[in-house]
Amino acid sequence: MKINWFKYAATINFYALAGRVIPFFWVAAVILITIGLYWGFFKTPDSLDNGMKEYYRIIFVHLGSVWMAMWLYIMMVFWALVGLVFNTKLSYMMASATSITGALLTVVALATGAIWGKTSWGTWWDWDPKLTTFLILLFIYIGYIALQSAIDDTRRSDKASAVLALVGLALVPVIYSAVNCPDPTQCSSLHQESSMKNIEPNIMKGIIFTTLGFWMYSFATILMRVRNIILQRERNTNWVSKLKEVN
Amino acid sequence: MKLEAKNLQCTRGDRELFSDLSFSLEKSQLMMLEGQNGSGKTTLLRALCGLYEPDEGEILWQGKSIKKLDEAYRRELFYLGHLNAIKPDLTVLENLRFNTLLAGDSVTDEALMQALGTIGLFAFEDFPASQLSQGQKRRVSLARLLVSKANLWILDEPFVALDIAAVELLQSIIAKHVEEGGMVILTTHQEVPLTRGKIKRLSLSGGSIKEQVGVNA
Amino acid sequence: MLSAFWLVLKRDLLLALRRRSEIFTVLFFFLVVISLFPLGVGTEDKTLKQIAPGVVWIAALLASTLALERLFSSDYVDGTLEQLALAPQSMSVMVLAKMVAHWLLTGLPLVLISPLVGLFYHLPSHSIGVMMMVLLIGTPILSMIGAIGAALTLGLRGGGVLVSLLVLPFYLPVMVYGSGAIATSMQQGLSLQPYFMVLGAFALLAIVFSPLATAAALRISLE
């Protein structure tokens with residue numbers, strides 16, 4: 001049987017390359033998160049000026065996961081869009097792999113947000129606009145994953161979930177503004193004060209290191225998942241059957 | 001008029017149906033698509049209609065990609081798949097009228113009734129389609145062929161569920177279209193005798209592609 | 001282009017007319033949900049007035065998703081959708097026609113029956129008018145967002161539950177402003193104009209983008 005090497009070249013190369021870089025991402029993730037958490041726990045003040053005590057330290061995990069959950073959604077849409085435009089299989093696999101890590105970090109963001117809520121406001125769940133939006137974001141991630149697993153044909157599941165991801169991207173800002181100011185008359189005067197200013201430099205360092213660590217963790221898990229998807233989808237091809245790890 | 005397929009490759013799931021498939025079809029030509037079940041006949045027909053995007057290769061109509069031509073190509077096309085597109089809640093005439101208008105052919109009710117008569121459904125026009133048999137439903141959708149202005153007919157197993165008389169009738173309708181300069185692509189085990197024009201045979205079985213040209217039958 | 005729109009619209013309405021029971025199932029579902037809430041939450045006058053705006057919208061969302069499954073599925077099963085996709089017309093236009101028909105059959109009846117909700121929940125007559133207005137603007141948006149989900153889940157096993165999971169989060173903005181307007185109407189001296197402007201803007205965006213997205217999704221599902 002004739003093998004069209006060129007056809008699989010993209011996935012073969014990617015598979016090998018990903019296999020080589022994944023360990024580095026893991027090492028970087030562990031180091032960065034360790035530094036970030038160490039700094040966050042031991043090198044930062046015990047209480048903040050505005051009356052916040054030790055519990056503010058959850059922010060080191062919370063902010064990182066919040067940012068990642070959003071960034072990963074944008075990344076997922078990016079790959080989905082590349083797939084729809086250029087019809088490249090690898091980008092659909094990237095989108096699909098990203099969704100699971102994204103959903104996971106959304107759960108982390110919600111859980112740490114709930115812990116924050118319990119310690120500062122006294123309730124596990126407050127219908128705060130940001131938390132609510134993240135709950136909806138989690139539903140959208142779950143919808144994406146559910147749609148993908150409901151369709152047997154990979155071509156259709158790739159494309160259909162890509163369209164869903166795009167629709168979600170268009171609607172998330174609308175949803176955020178709806179939960180942020182349900183009364184449209186008061187929206188124009190309401191400004192989201194940026195909490196990033198006036199942050200104690202040590203706290204900032206902790207936040208930056210954990211966030212970078214989360215990035216590395218996301219890359220590592222996404223690439224591992226893409227490798228699995230490649231193996232699963234191309235299990236009948238010649239090059240996969242020649243791999244050491246499948247024999 | 002010319003339909004060309006260049007280096008088509010289609011897969012279903014992780015199974016490759018065919019690759020490097022090229023052929024062309026010109027006016028007054030009939031193409032018979034052969035192959036076992038699962039060899040990709042239906043997928044190829046759907047790809048030729050633009051319903052399915054092949055993994056590789058392109059399909060050209062008059063030298064232009066059918067994807068770019070879009071509506072202009074669909075105006076030249078008549079496709080009948082396994083499904084008849086018949087609504088059980090509508091009458092025979094309503095079904096036929098909707099489907100022809102949808103295809104862009106504005107035809108009078110008299111012409112539609114005449115087509116129904118020719119296809120063997122005389123006086124059935126006000127019958128609810130839910131009461132028709134499979135073969136009769138097939139006839140209703142085939143009646144569209146009689147009023148269609150499309151040049152290229154793509155028919156997936158058109159003879160299924162038809163009785164002998166209807167098979168002969170359809171053979172003559174197809175032959176007439178080809179002899180008048182039309183193009184037909186179909187999957188079937190039934191022969192279509194032609195007095196003029198050309199028959200091409202394309203076999204998808206076992207991954208091999210044979211193109212055999214037979215003149216006249 | 002316009003002729004394709006009328007053609008599909010007329011056919012869908014004719015089909016529904018021949019099977020009238022389907023219109024009523026959605027309508028009665030809406031009424032049942034509306035009537036169950038007071039029995040679960042409490043029938044005090046104050047409670048009823050407070051929950052009415054949200055309950056109306058939740059019932060409308062659920063009724064709308066329930067009706068979605070039928071939007072394309074019968075055309076998909078009998079091959080009509082294939083013929084629509086192959087017709088030398090813009091698919092978005094025909095999809096828009098299907099959405100309009102769908103709304104006329106499942107959305108408009110809800111708007112017309114909503115004064116009954118006003119009676120059940122002791123709403124002032126002014127609020128009933130506002131409720132009908134926001135439902136009139138809001139339910140078409142629900143149909144149009146929902147159509148994308150219906151197109152994506154076409155022909156899937158368990159598609160009905162899946163489509164709810166996909167589209168209900170997207171309905172949230174319409175629900176927030178729709179129920180906000182009803183709640184505001186019960187207070188004295190507040191302007192409702194901003195609510196109507198926001199909902200109107202949503203409706204315009206939905207009309208422009210939803211048929212395109214739905215047509216693309218249908219082509220993917222037909223492959």
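Leaving aside its neighbours within four places in sequence, with which residues is A:F209 in contact? The model before you is a predicted one, and I shall keep that in view throughout. The answer is A:L32, A:I35, A:G36 and A:W39, once the neighbours of A:F209 within four places in sequence are left aside. A:F209 itself sits in helix α6 of chain A, which runs over residues 201–233. Although A:F209 and A:L32 are 177 residues apart along the chain, 5.5 Å separates their C-alpha atoms. Is A:F209 buried or exposed? Since 20 or more other C-beta atoms within 10 Å are required for burial, and A:F209 has 22 of them, A:F209 is buried.

I turn now to chain C as a whole. Chain C contains 8 helices and 0 strands, and its pattern along the sequence reads α-α-α-α-α-α-α-α. Its radius of gyration is 18 Å, close to the 17 Å given by the globule rule for 223 residues, so chain C is as compact as a globular protein of that length. Taken along the principal axes, the box filled by its C-alpha atoms is roughly 55 × 35 × 30 Å. Of the 223 residues in chain C, 51% are buried. Among the contacts in chain C with a separation of 6 or more, 80% are between residues 24 or more positions apart.

Within this chain, consider helix α2, residues 21–41. From first C-alpha to last, the 21 residues of α2(C) reach 31 Å, close to the 30 Å expected at 1.5 Å a residue. Which residues of α2(C) are buried? They are C:V26, C:F30, C:I34 and C:F37. Viewed down the axis of α2(C), these buried residues fall within an arc of 75°, and therefore they line one face of the helix. The buried residues of α2(C) pack against α3 (45–78) and α5 (91–120) of chain C. On the other side of α2(C), the exposed residues are C:S21, C:F24, C:F28, C:V32, C:L36, C:L39 and C:G40. Just after the helix α2(C), C:G42 adopts a positive phi of about 130°.

Next, the contact between chains. In chain C, 18 residues are in contact with 23 residues of chain B. Helices α1 (2–18) and α4 (80–86) of chain C each supply at least two residues of the side of chain C that touches chain B. Which helix gives the most to that side of chain C? It is α4(C), with 6 residues.

Finally, two backbone angles. A:N87, a residue other than glycine, has a positive phi near 55°. A:N87 is placed in the loop between α2 (59–86) and α3 (89–120) of chain A, and with 14 other C-beta atoms within 10 Å it is partly exposed. B:A123, which is not a glycine either, has a positive phi of about 70°. The loop between α5 (109–118) and α6 (134–147) of chain B holds B:A123, and B:A123 counts as exposed because it has 10 C-beta neighbours inside 10 Å.

Methods: Residues are numbered from 1 along each chain as its sequence is written. Chains are lettered from A and ligands numbered from 1 in the order in which they are written. This is a predicted model: local features need pLDDT of at least 70, side-chain atom pairs count only at pLDDT 80 or more; totals for chains, interfaces and linings use all residues. Helices (H or I, at least four residues) and strands (E, at least two) are DSSP runs, numbered from the N terminus. The expected span of a helix is 1.5 Å times one less than its number of residues. A residue is buried if 20 or more other C-beta atoms lie within 10 Å of its own, exposed if 12 or fewer, and partly exposed in between; C-beta atoms are placed from the backbone. The arc is that of the directions from the helix axis to the C-beta atoms. Two residues are in contact if their C-beta atoms, placed from the backbone, lie within 7 Å. The radius of gyration is taken over C-alpha atoms; the globule rule is 2.2 Å times the number of residues to the power 0.38.
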